Amino acid sequence: MRKLWLSLVVVLGLILAAGCVSEESAGSGGDEEADGAEETDNTSEEGNTEEAESDDELEIAVVPKLVGIPYFNASETGAEQAGEDLGVNVEYTGPTEADAAAQVKVIEDLISQDVDAIAVAPNDPASVEPVLKKAKENDIHVMDWDTPADKELVDLSVKQVDDEEFGRHMAEKLVEAMGTEEGEIAILTGGLSAANLNSWIDAAQSELDENYPDIEIVSDKIPTDEKQQVAYQKTLDLLKSYPDLKGVLAVSTPAPLGAAQAVQEKGLQDEVSVVGSALPTDSEPFLEDGSLDTAVLWNPEQLGYLTVALGKMLAEGEMPEDGQEIEGVGEITVEDDGKTVIMAPPQDYTKENASEFDF
Amino acid sequence: MKALLKQKEFSVLAIVIIICVILSFVSPVFLTVGNWMDILEGNTVIGILAIGMTLIIITSDIDVSVAALTTAVAVSIGFMFQYLPDSWFSVVLIFLIAPLIGMLLGAFNGILVSKIQIPAIVVTLGTLNIFSGLVLYFTNGNYINSTQFPQSFMAFSNIEILGIPILIYLFALVAVSTWFILKYTLIGRSVLAIGGNAQSSTRVGINFKKVKMFVFTYMGFLGGVAAIAQTSYTTAVDPNGLMGLELTVIAAVVLGGANIHGGRGSIPGTLLGVLLLAIMQNGMILARIDTFWQNVVTGAIIVIAVSYDEINHRRNQAKLANIDVKEAS
């Protein structure tokens with residue numbers, strides 16, 4: 001029996017040792033890969049001699065919720081443009097899925113690369129807290145963008161719009177599109193637990209309650225799993241279930257497309273108005289025939305640009321001021337706490353202007 | 001009647017009927033033709049994938065790469081659309097190429113599972129990541145909207161025969177032919193035999209590898225068909241649009257009475273499983289159930305359906321065991 005225990009312990013020890021070794025080698029291999037990728041990135045993008053001596057350039061890391069969706073691709077374009085314009089090195093990197101744990105790993109890697117500033121759009125504010133603390137201990141400037149992290153922790157917080165203003169603006173646009181101040185409307189959302197979507201919807205609801213008391217919201221907000229086909233099916237069900245429905249407010253980028261598709265298919269463009277947050281190129285086919293009345297969003301390219309610009313200021317020890325003019329973005333608003341920066345008022349995309357944008 | 005009660009699909013059918021009765025009292029819209037067309041058309045993709053998954057689950061394997069595989073084919077379709085001329089020929093060509101791409105991807109899973117004999121969950125978890133990684137690399141997540149589709153394909157997706165959308169015919173065709181394969185062909189019977197008892201079935205001369213290869217390739221083929229259905233349903237290609245759908249597909253198959261350990265499962269059962277999930281989704285809004293309660297209700301019905309089915313199955317097994325003992329003594 002004792003022999004058995006002994007051998008078990010030995011085996012366990014071996015496994016642990018092997019685990020450590022392979023982790024180490026995997027870790028270093030990963031770093032090398034990352035470095036390699038960086039180098040090729042630099043050479044392919046810039047290729048000029050200035051970039052070769054990039055050692056004393058500031059390094060700003062921008063971490064989106066995930067990479068590979070149109071919205072965050074657009075902000076990547078903006079962030080890289082800012083890097084070029086302002087002469088800073090921009091590392092735009094994030095997980096391939098909107099996964100909190102994967103995002104934490106990305107930030108860990110950035111800390112070991114010793115960048116000057118990290119701007120993160122947290123998937124889950126609570127789970128990035130420890131790693132952001134660690135970044136601060138390593139004298140890295142920490143900021144959030146797109147979605148707020150813990151307020152106490154960040155040096156700066158970049159917001160695309162004021163949530164309250166954005167929600168109220170969407171509600172106003174919907175009432176405008178409906179052309180009447182009474183009737184039934186429904187609200188679609190990406191997911192019930194998304195904090196920013198919830199705060200927009202709350203703001204929209206208070207706008208409707210305060211100023212348009214005759215508008216009735218037929219049910220609680222309806223989740224659509226961030227998927228167009230789900231939003232499409234739910235809107236079909238809504239149209240059947242509430243034949244007098246006058247409007248749909250669809251929050252989250254795929255939801256307005258699905259809602260508009262249902263309205264388009266049933267030929268209800270004139271009876272049912274759809275307003276929501278969507279990117280202009282995606283919404284074009286629906287804006288054209290009026291099945292989607294207005295897409296409201298901000299400019300994600302500018303958001304990426306502003307994040308890098310502010311990251312640079314922060315790394316140089318400056319703080320932005322209220323009403324300051326940022327080149328390429330415009331006048332920004334700084335809230336009373338001195339560290340929450342609001343980019344611009346919401347932007348409307350309509351039939352007339354949607355084709356002017358390439359995101 | 002007794003024969004009907006004994007059918008293993010009966011428990012799901014009973015629950016489907018009960019829910020239908022309740023919903024038709026609660027909402028006058030539920031039992032309309034239009035609503036049922038919406039339900040069926042909206043669940044064509046899940047249905048087609050669940051039919052393929054049934055065969056895999058019968059052989060006691062699982063394929064978690066289906067959603068990624070379908071997305072990969074859908075993205076290929078979107079890519080081809082940019083080069084295809086606007087004629088009916090393009091639609092026919094899509095119907096030839098898309099299932100073929102699906103079959104190749106499915107065969108890749110099949111080879112790894114049957115020839116190298118890696119457990120299917122590991123293989124398909126791997127290919128899930130390979131497929132979705134490649135899709136993200138090539139598309140960068142960009143959405144392709146209908147402005148880039150050939151008009152002929154848009155016309156195809158709007159076809160209705162006798163007031164029934166074309167996708168429902170496609171769904172029915174897949175269901176009937178798979179049911180036929182499973183019931184009346186040698187390979188179909190082998191699928192059931194291997195699921196029942198792999199060792200005995202190889203002893204009677206069934207080629208284990210060939211059958212495994214078949215179920216995964218067939219799954220890929222149906223993934224290709226589902227990709228066409230998805231593209232025509234949403235008239236868009238969204239690289240993230242099917243993420244996580246594999247779980248719904250597997251849930252539908254298991255709800256339909258298939259045993260995750262293999263050997264048990266049928267096409268009618270799976271169709272009922274898909275229908276159960278579909279009418280629950282549909283009924284939530286029609287019945288005007290509060291959003292936050294919808295998940296609770298959905299979960300509760302799933303638990304009830306599965307436990308009911310499992311208890312029934314266990315009871316039947318107990319009877320079988322009883323007979324065995326009596327014969328032995």
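User: What makes residues 16-54 of chain A a part to read with care?

Analyst: pLDDT, the predictor's confidence in each residue from 0 to 100, stays under 50 over residues 16-54 of chain A, whereas the mean for chain A is 82. Where pLDDT is low, the predicted coordinates should not be read in detail.

User: Why is Lys159(A) called buried?

Analyst: Buried means under 20% relative accessible area, exposed over 50%, and partly exposed in between (1.4 Å probe, protein chains only). Lys159(A) has 17% relative accessibility, and therefore counts as buried. Its contacts (heavy atoms within 4.5 Å) include Leu303(A) and Met343(A).

User: How do you know that Lys173(A) and Glu176(A) form a salt bridge?

Analyst: A salt bridge needs a side-chain nitrogen of Lys or Arg within 4 Å of a carboxyl oxygen of Asp or Glu. The N to O distance between Lys173(A) and Glu176(A) is 3.5 Å, and the pair meets that rule. Both belong to helix 6 (residues 163-178) of chain A and, because they are three residues apart, are separated by about one helical turn. Lys173(A) is buried at 16%, while Glu176(A) is exposed at 55%.

User: Why is the pair of Lys212(B) and Asp61(B) said to tie together separate parts of the chain?

Analyst: Their side chains meet in a salt bridge at 2.6 Å, N to O. Lys212(B) lies in helix 12 of chain B and Asp61(B) in the loop between helix 4 (44-58) and helix 5 (66-81), so the bridge joins parts 151 residues apart in sequence. Lys212(B) and Asp61(B) are both buried.

User: Which salt bridge joins Asp38(B) to chain A?

Analyst: The side chain of Asp38(B) meets that of Lys240(A) at 2.8 Å, N to O. The rule finds two salt bridges across the interface of chain B and chain A, where 30 residues of chain B are in contact with 31 residues of chain A. Asp38(B) and Lys240(A) also belong to a salt-bridge network with Asp237(A), Glu265(A) and Lys266(A).

Technical notes: Residues are numbered from 1 along each chain as its sequence is written. Chains are lettered from A and ligands numbered from 1 in the order in which they are written. This is a predicted model: local features need pLDDT of at least 70, side-chain atom pairs count only at pLDDT 80 or more; totals for chains, interfaces and linings use all residues. Side-chain values use heavy atoms; hydrogens and water are left out. Helices (H or I, at least four residues) and strands (E, at least two) are DSSP runs, numbered from the N terminus. Lists of a residue's contacts leave out its neighbours within four places in sequence.
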